[in-house]
Amino acid sequence: MAKVLLENINKSYDETHIVKDVNLEIHDKEFLVLVGPSGCGKSTCLRMIAGLEEISGGTIKIGERVVNDLSPKDRDIAMVFQSYALYPHMTVFDNMAFGLRLKNRRRGLARLVYRNEIKQAEAAIREKVLSAAEMLDIQHLLNRKPKQLSGGQRQRVALGRAIVRQPQVFLMDEPLSNLDAKMRVQTRAEIIKLHRRLGITTIYVTHDQVEAMTMGDRIAVMNDGILQQCDTPLNLYHHPRNRFVAGFIGSPGMNFLEVHVIANDNGFLFKSDDIELEAPASRAKVLLPYAGKVLLLGIRPQDIYDRAHLPNALQANDGNIIRARCEVTEQMGDATHLFLQAGKHSLVTAVTPQSQPLPEEMMELVFDMKKVHLFDMESGDVIG
Ligand code: ADP
Ligand code: MG
C-alpha cells in the first residue's frame, strides 16, 4: 500500500502537448477516479504511472520511491484494462497465476534444484488464486478458457489476476466499458467492496461522470490535458471551480445563461431578454466588480422548480420566476426532465413527477437563487 505523487507531469508527442503540468497526490488506500472527456489524456496519465509510457517532464513517486526510471514490473502496480487482455489459450486459473509464476521465474525459482521448493511455490500461488477467485465468485470458472466466459466474467478474471499480485497500487483504465449497463452497475459496486476489503490504493480512469461520482473517494477532473479540480464527489457537485467542472459533473448537465449584471437600489439583477432574476444579497460583494458587465449564470436542473409544485422552503417572488415553453418531457419515474425554451435560452429542469405540463405549455419556473453558480465569461472560473 502506498501513496502516489504526481509532480508537474507533462507528456508531449512531437509537437503535441498532451498532458500539461499535472500535480496530484493520491493518498494511501484511496480510491481516486480520474475522469474527463475522451481524448483528454487520462489513459496517458495512467500509462505514465504504470511505466508503459515515458514521461516528458516531472516526477512520479509511488510510496517513497521515485519511479520515473523504473520498468513497469519493478513499480509494484497491477493494471486492469477495458480489453481484459487475457491469454486466450490459458485457463482462468493459469491466467490468474501467470503473473505470479513469471515473478518466481524471474527470481530464479524455476531453476531450483529442490523439487519440493517448486511445489511449495506452486502451492502458494494456488492458495492466492483460489482466495481471489472466491472473493470474485469465479471458483467454478477456473478451468474454463476466456472464450467460454461472458464479458462480466472475463472482467472478473482480469480483476482477479490483478488482485493475486497484491500490488501497492491498482491502476484501472475504463474496466467496465465493455459491459452492458446492468452489469456495469453491479461490477461497480463489487469493485468498491473489493477496495474496501483489500485497502489497496487505486487509480481508476473513466469518461463516465456517474461512475466517477459513485465510486471515487475523490475525483480528479481533467480536460484537454489539464487537471481542473480534484475533490470529493459532493464538493465537486456543490462547489465546482470552473465552468468545465460545473458542466461535466451532474446529470442532466448544469444550465448556463449569459446575463447582464445590473445594479439597482436593492442590490443586483441578472438580466437577459425577458429573464430578470434577483441576485441573493450574499453575492453582492463579489458582484460589485461585475456591475454593467456580462457573466455566466449556472443553475442545476434540480434547482429549478415548477411553480405549481414548489417545496415548502422555497417561495416564488418577482426575483426568481421565469416563463418558459415546455418542449419535451422525459419521465424518469423518480423525476421528470423538462426541456424548455425561454426566449433564446434552452433550459433543462428535473422536476417532481407530479408536475405534468402539456406539450408546448407555457410554464412558470422558480429558480432557487441560493443555488446559482456564477462564472467569469473569459476565464470560466467561478466568481466568489
Ligand atoms: P483518454 O484516455 O483521456 O481518452 P488518451 O490519454 O488516450 O486520452 O489520449 C490523449 C491524447 O493523446 C489524444 O488526443 C490522443 O490522440 C493522443 N495520443 C495518445 N497516444 C498517442 C501517441 N502514441 N502518439 C500521438 N498522440 C497520441
Ligand atoms: Mg483512455
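This is a predicted model: local features need pLDDT of at least 70, side-chain atom pairs count only at pLDDT 80 or more; totals for chains, interfaces and linings use all residues.

Colleague: What makes β16 and β17 a pair?

Modeller: Pairing takes at least two bridges, and β16 and β17 are joined by six. That makes them a pair because the count meets the cut-off. For one spot to look at, take Q331, whose bridge partner in β17 is T336.

Colleague: Which sheet has β16 and β17 in its strand order?

Modeller: An open sheet of five strands, in the order β15-β19-β16-β17-β18, with antiparallel pairing.

Colleague: Why are β15 and β18 called edge strands?

Modeller: Each of them, β15 (304-306) and β18 (345-351), pairs on one side only.

Colleague: On to β3. How do you know that strand β3 (residues 31-35) is mostly covered?

Modeller: The cut-off for buried is 20 or more other C-beta atoms within 10 Å, and five of the five residues of β3 count as buried.

Colleague: Which residues of β3 cover each side?

Modeller: In general, side chains in a regular strand alternate between the two faces of the sheet. In β3, F31, V33 and V35 are on one side, L32 and L34 on the other, and all are buried, so both faces are covered.

Colleague: Which strands is β3 joined to?

Modeller: Five bridges link β3 to β8 (residues 201-206), running parallel, and L34 stands opposite V205 there. Four bridges link β3 to β9 (residues 218-223), also parallel, with V35 opposite V221. Pairing needs at least two bridges, so β8 qualifies with five and β9 with four.

Colleague: Now helices. Why are α2 and α4 called roughly parallel?

Modeller: Helix α2 (residues 92-107) and helix α4 (residues 151-163) pack at an angle of about 30 degrees, with their axes 8 Å apart. Angles under 35 degrees count as roughly parallel, and α2 and α4 therefore get that label.

Colleague: Which residues make the contact?

Modeller: From α2 they are V92, N95, M96 and G99, and from α4 they are V157, G160 and R161. By type, the contact of α2 with α4 has three nonpolar, three polar and one charged residue. The crossing of α2 past α4 is right-handed.

Colleague: What makes N266 exposed?

Modeller: N266 has 11 C-beta neighbours inside 10 Å. Exposed means 12 or fewer, so N266 counts as exposed. You'll find N266 in the loop between β11 (255-264) and β12 (267-272).

Colleague: And why is D21 called partly exposed?

Modeller: D21 has 15 other C-beta atoms within 10 Å.

Colleague: What makes the phi of D21 worth a look?

Modeller: Most residues other than glycine have a negative phi. D21 is not a glycine, yet its phi is positive, about 50 degrees. A85 is another non-glycine with a positive phi, about 55 degrees. A85 sits in the loop between β6 (77-81) and α2 and is partly exposed, with 13 other C-beta atoms within 10 Å.

Colleague: Where is the cis peptide bond?

Modeller: From S251 to P252, where omega is near -10 degrees. Most peptide bonds are trans. P252 is in the loop between α8 (243-248) and β11.

Colleague: Last one: how do you know that β11 and β14 pair?

Modeller: Again the cut-off is at least two bridges. β11 and strand β14 (residues 294-299) have six, in the antiparallel sense, and V259 has L295 as its bridge partner in β14. β14 also pairs with strand β20 (residues 373-375), antiparallel, over three bridges, and there L297 stands opposite L374.

Terms used:
Residues are numbered from 1 along each chain as its sequence is written. Chains are lettered from A and ligands numbered from 1 in the order in which they are written. Helices (H or I, at least four residues) and strands (E, at least two) are DSSP runs, numbered from the N terminus. Axes are lines fitted to C-alpha atoms, for helices over the stretch in contact, and angles run from 0 to 180 degrees between N-to-C directions. Angles under 35 degrees count as roughly parallel, over 145 as roughly antiparallel, 65 to 115 as roughly perpendicular and the rest as oblique. A crossing is left-handed if the near helix is turned anticlockwise from the far one by less than a right angle, and right-handed if clockwise. Two residues are in contact if their C-beta atoms, placed from the backbone, lie within 7 Å. Ala, Val, Leu, Ile, Met, Phe, Trp, Tyr, Cys and Pro count as nonpolar, Asp, Glu, Lys and Arg as charged, and the others, Gly among them, as polar.
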